[in-house]
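The exercises below are to be worked with the sequence and the 3D structure open. Each task is followed by a solution in steps.

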Amino acid sequence: MPGARLRSRPGEVAADAQLEPLPLARVELRDSFWMPKHRVYRERTIPHSWFYLQWELRALRRAAGQPVEGELNGTWGEANLYKFLETAAYALAQERDPVLERRIDEVIALLAAGQQPDGYLHVYVTNNGKIPWDPDFLDGSHDGYVLGHLIEAAIEYHAATGNRALLDVACKAADQAWRHFLGPGGRPGFCGHAELEMALVELYRVTREPRYLELSRALVGWRGRGKVKPFSDTPRAYFQDAVPLRAQRTLEGHAVRALFFATGVADLARETGDGDYRLAAHRFWDSTTLRRMTVTGSVGPRREHEAFGEDYELPHDGYYESCAACGLVDFAHRMFLLERRADSADVLERVLYNAVLHGISLGGTNTYYCNPLRDRDHLRDNCWVCCPPNLSRTLLQVGRYAYARGHTGARPDLYVNLFVGGSVQVPFPAGEVTVRVETDYPWDERVTFRVATPAPVAFALHVRKPGWCEQARLELNSAPQDTLPDDAGYWCFDRTWKDGDSLQLRLAMPVVRLVAHPNIAACRGQVALQRGPWSTALKDSTTTATRP
Ligand SMILES: [Zn+2]
């Protein structure tokens, strides 16, 4: 996919681009499981995080021309700040906080002051007199990685508050990146840590500026073609540059980089309808979720290069970085939006509840960086860089992962992927509908949906049949239903919904004994007991269920 060809096809929109998550402001969490945790993230995690951002804030002040003393940040440190700002944006989408917004606006002013006249914004580089987008260090630098996180934070802060100052900064920086790579005299390359690829697609969705989509396609298409010179002796697979996209059969290398790359590819497939991206996304999905994921949804077992291993290489004491789990949640979300299949949401649920959730302590101020399955004597640490703000930004997006809205032809669709007590407001063309959800999931197997609408509205309610659930009972307005899930794995109720209509699920949650695939050496002669989230839909997966 050479750059010239990419430029001739900007702005294509896929036929299924209408499926979209609902804004977090439209989703209210009111349950005994998530609501208390989100309160802890808002009231304890976010205030606690500021202390660990002092390196970043000093660097910003230096870049803005202010005198500072003390140590400054490292090459990827600014991403911590942006992941934190994104966390704060999700919290603000749920509950506005003028004090927090004032502090963030001060940070945005510093960012604007530290931004170079041409738009470049990576203050580690400018403070240290290094070369922006250094062609001799692209594999090890983090120019694109931090810019990607800046863009995502800016989009969410704007969505939550209506304040577009950070979005303006991000667009100016993205414009500089486009000119650097695709403008007159531009040279092919890409940042060794993927992230910018998916962020540019999201920025395109918000701005409809085709250059952002064009640059994302170029950064993906240039991989595997010798466009970036390895700085050190790390293998090219470490930064997903071993072979071109079409020839990549599996996700390889640094697990976080690889998953961010795969998410960008899935995003491009969704936005452009290009079959090459779609096929690649499916190859990455299958190789990761069928053969390289633990029973708890962790990935990336190798400590060396923080990397994926071979198929079925899943030791109990593997590395399994929290950011890789967060990355897999987002990859699963994009695969759902791309294909509307419940098995993507099965993986999302498994990873979210089992590999991400415990990463932040119940008190909100301690974290896990890694997630080994055998965790004896492994105390929580509190480095608060890299993974902690990624965990909080992921966990505060539960409402986004839970629902999606779209249409099939003229029929509006509402998808339910996660079972979370509270409500969602859905603006259908025929009128706004509120769906209230009553449940103590995952502790209890009952989930009730109640529709509130001033006038009857026709829409199809697609409720995910969890892959782990073998026995379910459904009642529509108290009448038992024998509805079978469709080929995509959803119970579909396509009808005219009236005020007060209800749908009740009972999802039997017996304890299940899991046996690992025989190729997983670490699990031979062992079983795992599990209740709730897992997936029988993955027939060739790393686990098999047997009756206890
Ligand atoms: Zn991390």
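**Exercise 1.** Is His305 buried, partly exposed or exposed?

Solution. The model is predicted, so local features are used only at pLDDT of at least 70 and side-chain atom pairs only at pLDDT 80 or more, while totals for chains, interfaces and linings use all residues. Residues are numbered from 1 along each chain as its sequence is written, and side-chain values use heavy atoms, with hydrogens and water left out.

Step 1: take the cut-offs. Buried means under 20% relative accessible area, exposed means over 50%, and partly exposed lies in between (1.4 Å probe, protein chains only).

Step 2: apply them. His305 has 29% relative accessibility and therefore counts as partly exposed.

Step 3: His305 lies in the loop between H12 and H13. Helices (H or I, at least four residues) and strands (E, at least two) are DSSP runs, numbered from the N terminus.

Step 4: check the backbone. The phi of His305 is positive, about 65 degrees, although His305 is not a glycine.

**Exercise 2.** Is the peptide bond from Tyr441 to Pro442 cis or trans?

Solution. Step 1: read omega, which is near 5 degrees for this bond; the bond from Tyr441 to Pro442 is cis. Step 2: locate Pro442, which is in the loop between strand S6 (431–439) and strand S7 (446–452).

**Exercise 3.** Describe how helix H13 is placed against H11 and against H15.

Solution. Two packed helices are described by the angle between their axes and the distance between the axes. Axes are lines fitted to C-alpha atoms, for helices over the stretch in contact, and angles run from 0 to 180 degrees between N-to-C directions.

Step 1: take H13 (residues 322–339) with H15 (residues 387–395). Their axes come within 9 Å and cross at roughly 30 degrees.

Step 2: take H11 (residues 255–272) with H13. The axes come within 9 Å and cross at roughly 15 degrees.

Step 3: classify the angles. Those under 35 degrees count as roughly parallel, over 145 as roughly antiparallel, 65 to 115 as roughly perpendicular and the rest as oblique. H13 and H15 are therefore roughly parallel to each other, and so are H11 and H13.

Step 4: assign the hand. A crossing is left-handed if the near helix is turned anticlockwise from the far one by less than a right angle, and right-handed if clockwise. H13 passes H15 in a left-handed crossing, and the crossing of H11 and H13 is left-handed.

Step 5: look at one residue of H15. Leu391 is in this helix and, at 0% relative accessibility, counts as buried.

**Exercise 4.** How many salt bridges does the structure hold? Work through three of them.

Solution. Step 1: count. A salt bridge is a side-chain nitrogen of Lys or Arg within 4 Å of a carboxyl oxygen of Asp or Glu. The structure holds 38 salt bridges.

Step 1: Arg270 and Asp267 meet in a salt bridge at 3.9 Å, N to O. Both residues lie in helix H11, three residues apart, about one turn of the helix. Arg270 is buried at 5% relative accessibility, and Asp267 is buried at 0%.

Step 2: Arg292 forms a salt bridge with Asp311, the closest N and O atoms being 2.8 Å apart. The pair links distant parts of the chain, 19 residues apart, with both residues in the loop between helix H12 (275–291) and H13. Arg292 is buried at 6%, whereas Asp311 is partly exposed at 31%.

Step 3: Arg495 forms a salt bridge with Asp501, with the closest N and O atoms 2.9 Å apart. Arg495 is partly exposed at 23% relative accessibility, and Asp501 is buried at 5%.
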